[in-house]
Amino acid sequence: MARLSAVPGDLSRLTTLVDTGDLEETRDIISRAYSPYQLECLGDAREFSAWYAEGGFPGVTLSDLRYGSPRLNAETLIRPQPLGTYLLMCEVTHGWVTVSSPGREECHVGAGGTYVLDAHRPFQVRWSPGARMFTVRLAREDVERAVADALGLEEPVPARFALGGAVSPRAARTWAGISGAVRREILGEGIAGDNPLVAAQLTQTTAALLVGTQRLIVPNGADIRRTGVVGHAAVRRAMALVEERADEPHTLADLAAAARVSPRALQEAFRQHLDTTPLGYLREVRLRRAHQDLLAAGRDGSATVSDIAYRWGFSNLGRFAAYYRERYGQPPSRTLSG
C-alpha cells in the first residue's frame with residue numbers, strides 16, 4: 001500500500017467549520033458542506049466529538065475530518081445522501097473506517113488506505129474512535145470529462161468507481177504524488193488560488209489521475225477500444241471473476257477462459273492496462289481481502305493469521321507473510337495485533 005506522506009504545510013490555512021461535541025450542530029454544518037446525511041454516535045453520546053476544516057482553490061477542495069477520540073470507545077456512523085454534483089477521494093490517515101454501499105460492496109480501510117465515493121450511489125461509513133481522513137473533492141463534471149478523455153469519447157461519461165483503492169501499487173503511488181501536490185498547493189499557499197490557469201490545469205490533472213489510478217466502472221456500451229485505462233473488455237471480464245470469487249482457486253487458463261481470449265493475449269492486456277499479470281492481480285486482490293480480514297479480526301479476535309491466509313488461497317504461510325510485508329510494510333501478525 002502506498003502510505004500517505006506526512007501532511008505538508010500548515011493546517012491552520014484550512015478554515016475550521018466544526019470543532020464541537022454537539023451531534024446536531026455537526027450534522028447541520030457538514031450537511032451544508034457536503035450533502036444531507038444521517039449521523040449517529042454508536043456508544044455513549046457524551047464521547048462524541050467532531051472536527052472539520054476545509055480549503056482549496058477553484059476546482060479542488062481539500063477537507064480534513066475527524067470523529068471521536070482514540071482514547072474513547074464511541075464509533076460514529078454516517079449515512080449521506082448520494083453526493084450528486086461531486087466525487088470524494090478519501091485518504092484515511094488515522095484509525096479505520098468501514099465503507100459500504102447497500103446491497104453492493106463493503107470495504108475496510110485502515111490508515112494509509114484510500115477509497116472513492118462517486119456521485120451515483122448511497123453509502124454509509126462507520127468510523128473508529130478518533131478516525132481521521134483527508135478528502136479531495138472534485139466536481140462531477142470534471143471527472144466525467146476525464147473519463148471521456150480516457151475512453152476517447154466526445155461526451156462526458158458518468159463516473160462510477162468500485163470501492164477498494166487503486167488498481168495497483170504503482171497506481172497508488174501515482175495518486176499519492178498528485179494528492180501530495182494538491183495538499184502542498186493548498187496548505188503551503190501556492191498560486192492556484194490566484195491563478196485561474198494553474199488552478200484549471202491542476203484540477204484537470206487531478207481528475208485524470210483519479211480516473212487513471214482508481215477502479216473505474218466502465219459504462220455498458222461505452223467504446224473502450226481506444227482507452228488507456230482499465231477498459232479492455234477481456235481485462236474487465238477477468239477482473240470481475242477475480243473480484244467475485246477471489247477465494248476460489250484460479251489458474252491463468254481459468255482467467256483467460258472467463259475473459260474469452262488466449263492466456264498470452266490476457267497477459268499482454270493486463271500488462272498494458274494494469275501494469276501487472278492476471279495472477280499478480282489475483283494475488284493483489286487476495287492480499288487486500290486478507291488485509292481487511294486481519295484488521296477486522298484484530299478488533300474481535302475472530303480468526304488467526306493462518307485462518308485468513310488459507311481463506312484467501314495462500315497455502316504457503318511463509319510466502320503469504322513475504323507478500324504481505326512487501327505490500328503493507330509489516331508482517332500480518334502485526335496487523336492482527338493492532
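This report walks through some of the salt bridges in a predicted model.

## How many there are

Searching the whole structure turns up 17 salt bridges.

## A pair from distant parts of the chain

Let's begin with aspartate 64 and arginine 132, whose closest N and O atoms are 2.6 Å apart in a salt bridge. This pair links distant parts of the chain, since aspartate 64 belongs to strand 4 (residues 60-67) and arginine 132 to strand 11 (residues 132-139), 68 residues apart. Both aspartate 64 and arginine 132 are buried.

Next, look at helix 2 (residues 140-151), which holds both glutamate 144 and arginine 140. They are four residues apart, about one turn of the helix, and their side chains form a salt bridge with an N to O distance of 2.7 Å.

Are these two buried or partly exposed? Glutamate 144 has a relative accessible area of 12%, so it counts as buried. Arginine 140 comes out at 26%, and therefore counts as partly exposed.

## A pair that belongs to a network

Our last pair is arginine 215 and glutamate 243, with 3.4 Å between the closest N and O atoms of their salt bridge. Arginine 215 sits in strand 13 (residues 214-217) and glutamate 243 in helix 5 (residues 233-244), so their contact ties together parts 28 residues apart in sequence. Through salt bridges with shared partners, Arg215, Glu243, Arg288 and Arg289 join into one network.

Arginine 215 is buried, because its relative accessible area is 5%. Glutamate 243, at 25%, is partly exposed.

Conventions. Residues are numbered from 1 along each chain as its sequence is written. This is a predicted model: local features need pLDDT of at least 70, side-chain atom pairs count only at pLDDT 80 or more; totals for chains, interfaces and linings use all residues. Side-chain values use heavy atoms; hydrogens and water are left out. A salt bridge is a side-chain nitrogen of Lys or Arg within 4 Å of a carboxyl oxygen of Asp or Glu. Helices (H or I, at least four residues) and strands (E, at least two) are DSSP runs, numbered from the N terminus. Buried means under 20% relative accessible area, exposed over 50%, partly exposed in between (1.4 Å probe, protein chains only).
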